[in-house]
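Have the sequence and the 3D view open as you read.

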Amino acid sequence: MANTLLLTYFGPFPGVPVNPTVALAEGAVRALNTARPDLRIVARELPVSYDGSSAALCAALQEVQPDALISLGVAVGRDVVSLEQVAINLDSAGIEDNDGDRRCDEPIVPDGREAYFSSLPVRASYERLRAAGEPVEISYTAGTYVCNHVFYEGQRISRELGLSIPAGFVHVPATCADGEEPTEGTGMTAHRDAGGVVRDEQGVPYLPESTVVRIIAEIASDTLPAVD
């Protein structure tokens with residue numbers, strides 16, 4: 001039986017009118033279907049909502065029963081793909097989620113664990129991809145918005161459901177279609193609480209979509225290696 005990867009992504013939220021993780025997830029599914037026919041890839045959009053994302057993620061984990069979970073989110077202003085290392089038990093952001101919920105210093109789970117570390121092969125993937133010249137980093141902050149919330153909940157809920165699986169989060173920068181120049185004035189805003197990087201110079205860093213798709217597919221393959 002094929003191993004199953006659950007790949008989650010987000011739609012728009014304040015400051016991000018078009019979320020690149022939608023196209024990146026679709027691209028990663030196509031790439032993995034070609035390169036790794038032994039894998040079953042299930043991609044699901046999660047709402048940009050603290051409560052809604054927890055409910056949707058729980059339902060997806062229960063339904064899919066995956067062998068691994070990789071969640072994608074965008075961090076505007078970053079210029080590399082970030083393999084997140086730690087999720088903290090905190091919701092706190094200066095922007096509302098898509099339900100109009102603005103949280104300040106609230107635990108995701110009262111009396112829950114203070115943090116979870118990623119159970120993806122973060123260091124191994126980083127070292128291999130970096131040696132190949134790919135634009136990647138290990139990040140130690142996923143922010144305190146819905147991305148960090150989903151990262152934390154992916155760890156917590158999978159354990160609660162008895163799923164002993166690798167799970168983690170990957171932040172991507174803004175992207176542009178291959179062969180196209182980044183479009184100025186897209187309305188994308190970098191929010192530190194959402195893991196973004198606010199830069200002094202004008203403009204938002206972009207990576208080619210194909211580069212990011214390739215990196216996501218490689219991380220997935222490292223997480224669920226082919227069996228000879």
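In which helix is the place of L129? L129 sits in helix α3, which covers residues 122–131; helices here are DSSP runs of H or I with at least four residues, numbered from the N terminus. Keep in mind that this is a predicted model, where local features need pLDDT of at least 70, side-chain atom pairs count only at pLDDT 80 or more, and totals for chains, interfaces and linings use all residues. Residues are numbered from 1 along each chain as its sequence is written, and side-chain values use heavy atoms, with hydrogens and water left out.

**Around L129**
- L129 is buried, with a relative accessible area of 3% (buried means under 20%, exposed over 50%, partly exposed in between, using a 1.4 Å probe and protein chains only).
- Setting aside neighbours within four places in sequence, L129 is in contact with E134, V136, I215, E218 and I219 (contact means heavy atoms within 4.5 Å).
- L129 and I219 are 90 residues apart in sequence, yet their C-alpha atoms are 8.8 Å apart in space.

**Helices α1 and α5**
- Two packed helices are described by the angle between their axes and the distance between the axes.
- Helix α1 (residues 20–35) packs on helix α5 (residues 209–223) at an angle of about 60°, with axes 9 Å apart (axes are lines fitted to C-alpha atoms over the stretch in contact, and angles run from 0 to 180 degrees between N-to-C directions).
- That angle makes α1 oblique to α5, because angles under 35 degrees count as roughly parallel, over 145 as roughly antiparallel, 65 to 115 as roughly perpendicular and the rest as oblique.
- A23, L24, G27, A28, A31 and L32 in α1 meet E209, V212, V213, I216, A217, A220 and S221 in α5.

**Helices α2 and α4**
- The axes of α2 (residues 50–64) and α4 (residues 146–160) come within 10 Å and cross at roughly 35°.
- On the α2 side, Y50, S53, S54, L57, C58 and L61 meet V146, H149, V150, E153, G154, I157 and S158 of α4.

**Cysteines**
- There are 0 disulfides in the structure (a disulfide is a pair of cysteine sulfur atoms within 2.5 Å).
- C58 counts as partly exposed, at 21% relative accessibility.
- C104 is in no disulfide either, and the nearest cysteine sulfur, that of C147, is 19 Å away.
- With 58% relative accessibility, C104 counts as exposed.

Terms used:
Helix = DSSP H or I, 4+ residues; strand = E, 2+ residues; numbered from the N terminus.
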